[in-house]
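Visitor: I have a structure to go through with you. Can we take it piece by piece?

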Amino acid sequence: MSYVIEPPETIELPVKGGGVFPLHQVYCVGRNYADHAVEMGGDPDKELPFFFMKPAYAVLGSGSEMEYPPLSSDVHHEVELVVALARGGRDVSVEDAMELVYGYGVGIDMTRRDLQAEAKEKSRPWEAGKVFLHAAPCSDIVSIEETGEINDAAISLSINGEIRQDGNVNQLVWKVPEVISRLSALFSLRSGDLIFTGTPAGVGPIRRGDDIRASLAGVGELSILVSG
Ligand code: MN
């Protein structure tokens, strides 16, 4: 049997040291740092983190130009620890969760905040706020064999040389194994999935022409130029 249309291209990220990581899709955790939950008007003691998704086509590799998305005038950056899965699974226990992990990256959950706010106000889904071409810039992936488990590492984002977000992944409300376990209870995880684990405080707007750098200690840097 032959395909009746051209099969979609495999979207991939480079792996530090060689090779490529083929992408399946992207899960994201909402409000997983207490200080960010507060800046978004929430109460971290009363709200459990929650999840949303982005398609693989939203991923943009480091060193690339990001298209400023259409139909928004308030696009925000959210720098996040990214977990890359080597294996999928369902109903994975917290104890076994790290066995699914291939490695890590540092990414930016780009958000059309104006469209997200409208969706929140009308109790509608978040896709228009969270999904668009280049909505998920991500660094090269680094194998966990190289990094070890990352539980305590500085994470930051700067725009045109000025620091905008500065946190530590040790502030995650739900830790990586808990996130993987919960995702695997709700959904069917697959190899090639990325998990954006939530952002520390300091989110704010990006502008056309911005030079954006994200950094995660032990993993590396992500560099993006927003198209003019
Ligand atoms: Mn986020």
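Visitor: Which residue stands opposite Leu222 in S18?
Guide: Ala214 stands opposite Leu222. This is a predicted model, in which local features need pLDDT of at least 70, side-chain atom pairs count only at pLDDT 80 or more, and totals for chains, interfaces and linings use all residues. Residues are numbered from 1 along each chain as its sequence is written, and side-chain values use heavy atoms, with hydrogens and water left out.

Visitor: How many bridges join S17 and S18?
Guide: They pair in the antiparallel sense over 6 bridges; strands pair if DSSP finds at least two bridges between them. Strands here are DSSP runs (E, at least two residues), numbered from the N terminus.

Visitor: And what lies between them?
Guide: S17 and S18 form a hairpin with 3 residues between them, and Gly218 in the turn has a positive phi of about 90 degrees.

Visitor: Switching to the metal. What are the protein donors of the manganese ion?
Guide: Glu78 (OE), Glu80 (OE) and Asp109 (OD), lying 2.1 to 2.2 Å from the ion. Donors are N, O and S atoms within 2.8 Å of the metal (3.2 Å for Na, K and Ca); water is not among the atoms, so sites may look incomplete.

Visitor: Where are Glu80 and Asp109 in the chain?
Guide: Glu80 is in strand S8 and Asp109 is in the loop between strands S9 and S10, 29 residues apart. Both Glu80 and Asp109 are buried.

Key: Helices (H or I, at least four residues) and strands (E, at least two) are DSSP runs, numbered from the N terminus. Buried means under 20% relative accessible area, exposed over 50%, partly exposed in between (1.4 Å probe, protein chains only).
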